[in-house]
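Hi everyone, thanks for coming. Let me walk you through a structure that may be new to you, so please have a look at the screen.

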Amino acid sequence: MGLALLAVIWLITFVSTYFFIWHPWWLPAGASAAAAGIDHQFTFTYIVMGIVFVLAQCSLGLFVWMYRERKSSPPADYSHGNTTMEVVWTVLTAVLFVGMNLMGSKIWAAERFAPAGDSAIPVEVTGMQFAWYFRYAGADGKFGLTNPKLMDPSSGSEAAIGLDSNDPASKDDVVTGTMMLPVNRQVDLTLRAVDVIHSFFVPNMRFKQDAVPGLAIHMHFTPTQVGDYEIACAELCGLGHYKMHGMLKVVSQEDFDKWLAAREAEKQ
Amino acid sequence: MSTLAPNLAIKDPRSRDAGGGSPPSCGGGGNGNEGGASNGSFNYGERLRRARLGLVLGLTAVMMLFVGFTSALLVRKGLPSFDAQTNTYSRDWTTIRLPYTLLLVNTFILLLSSGTMEFARRAITRQAALAPVKSIPGVSLGEERGFPWLGTTVVLGLGFLAGQLLLWQTLRAHDFFVYTSPSSSFTYLLFATHAIHLAGGIIALMYAAVSSWLMHKPVEAQRIVVDVTAWYWHFMALLWIYIVVLLMLVR
Amino acid sequence: MARGAGGGETIMATSEVVHAHAAPQGFIRKYIFSLDHKVIGIQYFFLALTAVWVGMILSLFMRIHLIWPDANLPLIGHIQPEAYLSLLTMHGTIMVFFVLTTAPQGGFGNYFLPIQIGAPDMAFPVLNMLSFWTTFVAMVVMLASFFVAGGAPLHGWTGYPPLSAIQSAGPGEGLGADLWITSIAIFCAASLMGALNFITTTLDLRAKGMTLMRMPLTVWSWFITAILGLLAFGVLLSAGILLLMDRNLGTSFFLPTIVVNGQLLGHKGGSPLLWQHLFWFFGHPEVYIAILPGMGVASQVLSTFSRKPIFGYRAMVYAMLAIGFLGFMVWGHHMFMSGMSPYSAFAFSLLTMAIGVPSAIKTFNWLGTLYKGRVRFFTPMLFAIGFVSLFVSGGLSGPFLAQPTLDIPLHDTYFVVGHFHLIMGVAAIFGIFAATYYWFPKMFGRMMSEPMGKIHFWITFIGTYAIFMPMHYLGMAGHPRRYSQLTELAYLHALIPVQRFMTYAAFITIGAQLIFVFNLFWSMFKGAKASDNPWDATTLEWTTATPPPHDNFGGHTPVVHNGPYEYGVPGATRDFVMQTDPAIGASH
């Protein structure tokens with residue numbers, strides 16, 4: 001039985017580790033400025049945790065086999081513990097865990113403590129059951145007023161977010177169902193939700209932030225690669241949660257300008 | 001923390017010793033004999049202490065309920081709400097205006113009931129202490145027909161609840177409904193939760209009264225019920241003051 | 001009964017008033033409205049057993065739907081996406097509350113806490129009975145939500161408003177959600193009653209010589225769990241009341257301006273984050289409530305079947321205290337992505353890493369207990385060993401999630417689902433299995449079948465790893481949780497084979513639980529008769545008859561001279577010294 005436990009525990013450990021190392025299913029390709037740092041911290045964490053995992057599981061399997069009771073076994077070691085060892089491994093664990101955390105906190109500070117830069121492009125993201133809408137401020141750089149009383153998803157994107165056409169700042173606002181962003185430029189997102197909590201999640205950008213009704217949450221990221229990236233909703237929002245997805249298209253600055261100009265022209 | 005040795009003899013509570021009680025039917029001495037219970041009866045002192053400990057724990061739980069409410073109140077009061085229509089943040093806390101006379105009368109009734117409750121508690125404590133004396137044949141302390149402190153407390157408690165209903169009616173008459181604003185929601189919430197807990201205390205008092213008149217429980221056992229209920233009652237009074245002060249401060 | 005000749009155990013009559021009466025007669029008083037903590041413990045155990053089967057079947061339907069979304073199932077027909085969410089919500093709620101907060105504490109804690117400290121019953125037997133029946137009522141109300149118009153709620157066991165606060169936000173959010181909240185509120189009251197009892201009993205009813213530092217680690221775990229419960233459930237109750245008011249009285253605690261289905265609702269100014277703070281202030285201690293008793297049982301069983309004292313008894317106690325204390329300070333780590341201040345997030349994450357330290361200490365000490373022991377592979381021991389393995393696996397994904405930076409890609413993905421299932425849905429369950437196999441002989445007077453137990457262990461151990469380890473890979477790939485169907489997001493298609501594997505593993509693993517149930521009931525009637533101490537264990541429950549008499553010790557109160565894990569004492573006549581045996585020199 002001891003040998004069976006050893007074998008199975010070691011087998012489970014090695015199979016799991018194998019998949020972690022070979023990783024047929026892994027973090028999707030990172031396409032934002034923050035991705036490298038996050039992925040580095042991730043890799044560091046899983047190597048450290050992986051080593052601990054293997055050591056702990058293998059010790060467990062080893063001990064239950066080595067110290068299985070047989071006629072020839074020596075009497076069990078009558079020990080109530082070892083205070084020195086307790087202190088040593090407590091301190092080591094604390095240093096390891098806290099150190100790992102402090103390492104990652106620099107990235108957190110860079111992503112979240114500081115607001116977006118001045119040259120960031122402002123985009124408002126509105127989540128509602130069960131779609132995402134994206135608003136661009138237009139030439140005046142200001143978002144016009146929205147009014148919950150004017151919300152009507154069946155009449156197009158602008159009506160969906162309740163854009164108040166009486167506000168002059170709304171005239172040049174472009175509202176779309178697809179998110180378009182220029183590459184290598186920071187985007188200053190304003191996240192809003194209309195009905196329940198949603199979460200704007202773009203795996204390739206290593207970006208996630210809940211969109212909460214009653215709040216306008218500012219967050220930023222910088223896409224660094226042209227491409228199409230799926231947006232998923234990452235907070236349970238009702239029966240359509242699984243199909244509340246969108247698409248982020250990162251294009252060159254010129255293509256973005258052309259696209260925005262075309263959208264503006266459509267509004268006239 | 002040392003433990004107390006359970007020590008005294010098993011006795012069927014239904015048979016009260018006529019005499020001073022037989023000596024403990026086992027060895028082990030009389031350590032832990034506290035609380036005034038004499039040989040041959042239950043260790044009511046230990047039981048009382050245990051009941052009080054249970055009450056303290058129960059009150060801790062009640063306190064955590066109100067800690068939850070208080071933190072929610074403070075957060076909600078301080079929260080600027082984002083008005084999507086004007087794209088601005090504003091606060092929607094309507095001033096709490098309470099009918100002060102009614103509030104004062106209510107508070108007075110509750111504090112008075114705390115007083116009568118305390119008298120009831122002390123009266124039965126005396127009775128419990130004297131019970132072994134009274135059980136000696138031939139000894140009498142005279143007919144004791146004390147003031148019905150317990151009953152008075154029940155009446156005052158019911159009066160407080162009636163006062164609460166009147167208070168809420170007055171608030172509603174001034175368009176201060178539970179849904180009017182967060183301040184009104186918390187006002188009703190705190191008052192109502194307190195009232196429900198107080199009602200529980202009244203039921204406990206009625207049980208204490210019933211158990212003495214109808215169930216003929218030994219007075220030491222009744223004392224435990226009254227004692228524990230009394231401390232609960234005092235806590236309700238303190239809680240009331242806390243609620244009133246809180247609402248004044250965040251008004 | 002005279003005092004025994006010098007130095008020996010002093011036999012004393014018990015004066016505990018709770019048992020100064022004859023044992024109850026009549027079926028109702030003996031088995032239904034019993035005041036006997038042993039009966040109440042068994043009642044809790046069977047309530048949890050029923051709940052776990054309901055929860056497992058719900059999860060089976062979930063796993064089937066993910067792979068075959070168009071399947072037509074017997075009894076329930078075709079599962080709609082919203083029905084999947086109801087299954088998910090009720091699965092989580094029933095498992096967390098009616099299994100993990102019930103069986104370890106209300107079940108085994110109730111049965112064995114008094115016996116292990118040498119008491120004849122709990123401090124407040126009537127309250128104990130009430131706490132069980134209140135739990136029972138809570139379960140009835142919870143299950144009722146399946147049968148009302150709209151069905152069970154779909155807002156997840158975490159019940160975040162506005163989704164949970166608006167009747168029109170989805171099917172099941174009508175009466176079903178009100179019943180859900182009401183059931184939880186009733187459960188809060190029941191838990192508070194139980195917590196009060198456990199704490200008073202531990203503090204006040206210990207037998208002579210049973211100092212705090214001689215209590216078995218199981219008792220410590222139930223004691224600390226009760227303290228956590230006492231402080232946490234009141235806050236959950238407050239949150240539930242506020243939610244009920246938002247739903248039914250038009251208040252706006254959690255609800256800001258909301259437009260649902262084109263309708264502008266009358267609420268304004270409330271904060272959904274307020275619910276999250278209140279809920280998780282309860283919710284995090286709750287998960288420690290779920291695991292601490294399992295840790296206590298693991299310590300108890302590992303020591304017994306290694307024939308060795310637990311390694312570092314004091315450290316184990318301090319570690320549990322630290323886990324309990326820190327457990328109240330880390331709730332924000334569930335909210336890193338919520339819109340909470342990033343500075344708070346940083347503070348919470350440091351505290352969360354700190355709480356990993358006492359958990360690591362306990363793991364080292366379990367390994368230390370096995371080291372140089374004489375390991376006996378009875379079924380309880382297999383589950384205790386499995387507990388350690390699963391606790392390591394589930395625990396080590398914690399430091400990923402504890403770092404907000406890494407929580408960005410991992411929050412609300414299957415990584416989280418894998419993490420908490422390995423810890424709560426498997427390790428804690430293994431704690432319950434270990435306790436069942438260990439204490440069954442004492443409770444029912446017969447031994448469970450070892451061959452059936454071993455088969456149950458192997459399939460469950462391998463099966464649960466097969467189900468829950470792959471979830472980490474899914475999470476890293478960005479697979480969000482609580483998705484009813486995997487057909488919409490393009491990048492999920494490559495992950496469906498993994499989901500399929502997990503479903504097959506689930507079929508086998510759930511099937512293996514039938515072996516356990518069969519073993520349980522068969523052994524009650526046909527198992528080999530058990531002696532008073534079949535495991536040669538040291539703690540007080542093994543000093544008394546099997547099953548224990550009504551007042552636990554047959555008229556006398558034990559006197560304790562030794563610590564709880566005196567195995568392999570040099571110079572002793574046997575390889576174990578019971579707590580009531582004459583004192584040995586090296587006891588602490």
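Let me begin with a cut-off: an angle over 145 degrees between two axes counts as roughly antiparallel. Please also keep in mind that this is a predicted model.

Now to chain C. Look for helix α6, residues 175–204, and helix α7, residues 217–248; their axes come within 8 Å and cross at roughly 150°. That angle is why we call α6(C) and α7(C) roughly antiparallel to each other. What sort of residues make up the contact of α6(C) with α7(C)? There are 22 nonpolar, 5 polar and 2 charged ones. As for handedness, α6(C) passes α7(C) in a left-handed crossing.

Let's move to chain A and strand β10, residues 246–251.

Strand β9 of chain A, residues 227–233, runs antiparallel to β10(A), with 5 bridges joining them. Here A:Glu230 stands opposite A:Met247.

Finally, chain B. It has 5 helices and 2 strands, and from the N terminus the order is α-β-β-α-α-α-α. Of its 251 residues, 35% count as buried. And if we take the contacts in chain B between residues at least 6 apart in sequence, 72% join residues at least 24 apart.

Methods
Residues are numbered from 1 along each chain as its sequence is written. Chains are lettered from A and ligands numbered from 1 in the order in which they are written. This is a predicted model: local features need pLDDT of at least 70, side-chain atom pairs count only at pLDDT 80 or more; totals for chains, interfaces and linings use all residues. Axes are lines fitted to C-alpha atoms, for helices over the stretch in contact, and angles run from 0 to 180 degrees between N-to-C directions. Helices (H or I, at least four residues) and strands (E, at least two) are DSSP runs, numbered from the N terminus. Angles under 35 degrees count as roughly parallel, over 145 as roughly antiparallel, 65 to 115 as roughly perpendicular and the rest as oblique. A crossing is left-handed if the near helix is turned anticlockwise from the far one by less than a right angle, and right-handed if clockwise. Ala, Val, Leu, Ile, Met, Phe, Trp, Tyr, Cys and Pro count as nonpolar, Asp, Glu, Lys and Arg as charged, and the others, Gly among them, as polar. Two strands pair if DSSP finds at least two bridges between them. A residue is buried if 20 or more other C-beta atoms lie within 10 Å of its own, exposed if 12 or fewer, and partly exposed in between; C-beta atoms are placed from the backbone. Two residues are in contact if their C-beta atoms, placed from the backbone, lie within 7 Å.
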